[in-house]
Amino acid sequence: VHFHAGLSDCKAIIGEAAEMECKVSSEECVGIWYKDGAEIQSSENLTISKDGCFHRLKIHKVTEENAGKYKFEADGRKTESEIVVEDPPRFDTEELEAFKTAVTVKKGHKATFKLSYSGREPTKVQWYLEGEELSSEGNINIETLDGSSRLLLMKLQRKDSGEIKIKLKNEFGMIEAVSQLNVLDKPTPPLGPLEIVEASSSVIEFKWRPPKDSGGCKIQNYILERQQVGRNTWKKVGPIGPEAKYRDTDVDHGRRYCYRLRVETEIGTSELMETEDIQAGTKAYPGPPSAPKVASAFKDCINLTWSPPADTGGTSILGYNLEKRKKGSNLWGQVNPPNEIIKDKGFAVKDVVEGLEYEFRVSAINGSGAGEFSTPSEFVFARDPKKPPGKVLDLKVTDSTYTTLSLSWNKPKDIKGVEDEAKGYFVEIRPAEKTDWDRCNSNAITMTSYTVKGMKSMAMYWVRVIATNDGGEGEPQELANYILAMPPPGKYICT
């Protein structure tokens, strides 16, 4: 008989199970187990078993006495290993589940956190609040005795809310557990600035921001009071619910009103926030939106977009009016019907005539009415998008010096629907030793000739011309050969 697998050393934790196993070459083999040289048999806490070629020793609940050297011997062969018993810190399982449940108390009250543990002494116990280690002083008391530790926090404040952690450490390891402390308090006041949604002759509607801290509780109500400016008394409007807005329909045109707000939770009521004066029925028109931009243009439709005005007049924007004007005319005409305002920040204008040029302007509308018109858009033709032009024709060099090069060419062919007419040209050169093209003119030229300047004497260049129009740039047309920066043969330059 020989061993296919011998015993291996193992670390066992007190109170937990441990198992050793080896494998021999014969199923008929019967072996003997030894601990520290003495033969051992199965007992209440120890089971010796055989499963085919496998021989196992299992300790059901490890104690200090189980540490030592173990040997399995069969047919004159043996294998040995060692069990090292460790005793790291461990929490009581039932208490740990209860510990993890958050503790909620009111301001000024106390909170207790307690956990039992086991493990080899000495065990270092540390308590933390929001990552900061605590010690017994002031309103904090820590007691650790006989495998149990308790943290008592007294006269708690809202700012004491946070994560509570206990950490245990001994020579065999470290373990920690986390809970949560919630200290409830009165909420802080609501926050400004106030947003006036509507201030018409019969309605004042406004919004505000919730409190910075609700005190750890759900907001039940905002409590509202109102004062008509000029009077000394405040009228209780009452709890208005948890939503941070109010619509006051009991107002008189032209009068000014001020409001006081408090937050109410199950713990208590906040300090107040007082609003600025709000006048009912103020005519405040919105400012002008941005100039309309042309998103796309076709022969039967021009698509426009714009941005809302920065100044809304203190109320929400209800929609927009859009006007158009033909080029050369002084008459503006409204695009949308008078009783159908445009709700979106864009519109598709279909009432256009192909080939004519138009400009557009837009005004915003709020509860007071329509505001100023925007500056007009750029002029745009009602026509389908242009196709880029083709290549220029007959590109050639007409003259050259040591620093300049004169070129000429003819317009590309105009093939309707394939290549539209060129509106301008770009000239580009590239030194022979480089791969990038340099554009000579930043703006497109309309003439069919151009003189390149600033060339290096006797340097080699590649040259090309690109036609362009509203549809984009066409394919480049290169000279067939590179150019040397020098006068043409037979031409003399006097110096």
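**Strands, rings and charges in a predicted model**

User: What makes strand β19 (residues 191-199) and strand β20 (residues 204-209) a pair?

Analyst: Five bridges join β19 to β20, and the two run antiparallel. Two strands pair if DSSP finds at least two bridges between them, so this couple qualifies. Glu195 stands opposite Lys207 of β20. Strands here are DSSP runs of E, at least two residues long, and helices are runs of H or I, at least four long, numbered from the N terminus.

The model is predicted: local features need pLDDT of at least 70, side-chain atom pairs count only at pLDDT 80 or more, and totals for chains, interfaces and linings use all residues. Residues are numbered from 1 along each chain as its sequence is written, and side-chain values use heavy atoms, without hydrogens and water.

User: Why are β35 and β39 said to stand at the edges?

Analyst: The open sheet has three strands, ordered β35-β36-β39, with antiparallel pairing. β35 (393-400) and β39 (449-452) each have a single partner strand, so one side of each lacks a neighbour in the sheet. Neighbouring strands of this sheet are turned by 20° against each other on average, direction ignored; the axes are lines fitted to C-alpha atoms. Five bridges join β35 to β36 (residues 405-410), an antiparallel run. Lys396 has Ser408 in β36 as its bridge partner.

User: Why is the pair Phe206 and Tyr246 called edge-to-face?

Analyst: The search of the whole structure finds 13 aromatic pairs. In the pair of Phe206 and Tyr246, the ring centres are 6.2 Å apart and the planes stand at 65°. Rings of Phe, Tyr and Trp (its six-membered ring) pair if their centres lie within 6.5 Å; planes under 30 degrees apart are stacked, over 60 edge-to-face, the rest tilted. Both values pass, so the pair is edge-to-face. Phe206 sits in strand β20 and Tyr246 in strand β23 (residues 245-248), 40 residues apart. Ring pairs also link Phe206, Trp208, Tyr222, Tyr246 and Tyr259 into a cluster.

User: How do you know whether Phe206 is buried or exposed?

Analyst: Its relative accessible area is 0%. Buried means under 20%, exposed over 50%, partly exposed in between (1.4 Å probe, protein chains only). So Phe206 is buried. Tyr246, at 17%, also counts as buried.

User: What makes Asp87 and Arg90 a salt bridge?

Analyst: Their closest N and O atoms are 3.0 Å apart. The rule asks for a side-chain nitrogen of Lys or Arg within 4 Å of a carboxyl oxygen of Asp or Glu, so the contact qualifies. Asp87 is buried, at 9% relative accessible area.

User: Why does Arg150 count as partly exposed, and what does its side chain meet?

Analyst: Arg150 has 26% relative accessibility, so it is partly exposed. It meets Glu143 in a salt bridge of 3.5 Å, N to O. Glu143 is partly exposed too, at 44%. Arg255 and Asp252 form another salt bridge, with closest N and O atoms 3.6 Å apart. Arg255 is partly exposed at 40%, and Asp252 at 41%. The search of the whole structure finds 31 salt bridges. Glu428, Arg439, Arg464 and Glu473 are linked in a network of them.

User: What puts Lys327 over the face of Phe379?

Analyst: Lys327 lies 5.1 Å from the ring centre. The criterion is NZ of Lys or CZ of Arg within 6 Å of the ring centre and within 35 degrees of the ring normal. Arg430 lies over the face of Trp437, at 5.1 Å from the ring centre.

Terms used. Axes are lines fitted to C-alpha atoms, for helices over the stretch in contact, and angles run from 0 to 180 degrees between N-to-C directions.
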